[in-house]
Amino acid sequence: MKYFTNPTGQFVIKVPIEWQYCNVAAGHKEDSPYSFVPYEDPENAGAFQISCYPANERTPKSNMQPADKDNLDFIEKRMDDDEMNVHLWFCTIQDHVVMAKYIYSKKHENILRIKEELEKAKLALSKVAYISESNRDRVLSLDRYYKFQAALAASFDLKEGALKSGSLIEFILIVASQIDSYLRLCIVMKKQLNSNNDEFEEKYFYQGEECMPITERAIYKEAKSLEVLSDINFDRLSKLYDSRNKIVHRFIISNIRTRDLVDIAIDYDAISEEIRLVMRALEDLQRKTNVGIYKDSAAPDAAIDNDEVRFLYANVNDKHLLKKYKREV
């Protein structure tokens, strides 16, 4: 299963890996209800929806549930009509109500797949938790960290595609973005090791529309100050960054040539690998010292956990939202 955290951090639910979050996939706002359907053949399956809204005077008080815990005791009802069957669950937690629905066509009610999907819906409900206000910032930070990981993994699909097609500008931009991501991880890990705790600042993994941006140059400087980026590589990256900016903003009006892109791409890829190895060393140190975000992660030579791979693939699919890059989960 995979985690879904609603945009305000009010609740977290684990849904089947085979389900796609529809609000974003369909181009809708991330507002309640939050909807999920299977990736495969959704037309012949039901839809799962979950909502969270303030309680009112009509809200049942006899079924109050605790915050920050799963396995909640939901009240279950049916709201069928002539065309659709609707399974409804709800419970009251503090001053809010969590409500979920599983909706499917009445003509499908005796189909095995619907029965299987309904069981998945019930399993997902057993994994939902309403988050108290004091814990929401951390829940949102973890969610954004997981999405950061998935986006970094997804970037390798784009890198491979650019390499195969010979799209050098695309290749350079992707590798530059990967280097920025590696260094952000290095900064977080080094800070955790220095302070001997697992805390991290969300700003390194997420930049919303209203967030103050942290530029790549600022990341380079901070990485250098923490000694995860050497003076030599800092200078190399600074020069490459200048070349990248010239390619992006002044390719037509500057004297840069297309053939120059080959050397720039090679240099970017080379330094990217050097920084990746620095990141790998910090991951190993966190595992050895049992500190930080990688303290419980598997070592590179450990046996592959198929569930973790499927979890990553599902999140990569959610990042791409393109059939071209879709992985089977």
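Let me start with Leu-237. Setting aside neighbours within four places in sequence, Leu-237 touches Ile-179, Leu-183, Tyr-220, Leu-229, Tyr-268, Ile-271 and Ile-275. Contact here is heavy atoms within 4.5 Å.

A word on the source. This is a predicted model, where local features need pLDDT of at least 70 and side-chain atom pairs count only at pLDDT 80 or more, while totals for chains, interfaces and linings use all residues. Residues are numbered from 1 along each chain as its sequence is written, and side-chain values use heavy atoms, with hydrogens and water left out.

Now the cores. A nonpolar core is a set of buried Ala, Val, Leu, Ile, Met, Phe, Trp, Tyr and Cys residues joined through side-chain atoms within 4.5 Å. Buried means under 20% relative accessible area, with a 1.4 Å probe and protein chains only. The largest nonpolar core has 43 residues, and Leu-237 is among those with the most contacts inside it. Helix 4 (168–195) is one of the helices that each supply at least two residues, and the largest share, 13 residues, comes from helix 4. Helices (H or I, at least four residues) and strands (E, at least two) are DSSP runs, numbered from the N terminus.

A second, separate core has 28 residues, including Trp-89.

Next, strand 8, residues 84–93. Nine of its ten residues are buried, so the rest of the structure largely encloses strand 8. Strands pair if DSSP finds at least two bridges between them. Strand 8 pairs with strand 9 (residues 96–105) in the antiparallel sense over ten bridges, and Asn-85 stands opposite Tyr-104. Strand 6 (residues 64–65) pairs with strand 8 in the parallel sense over two bridges.

Methods:
Buried < 20%, exposed > 50% of the residue type's maximum accessible area, 1.4 Å probe, protein only.
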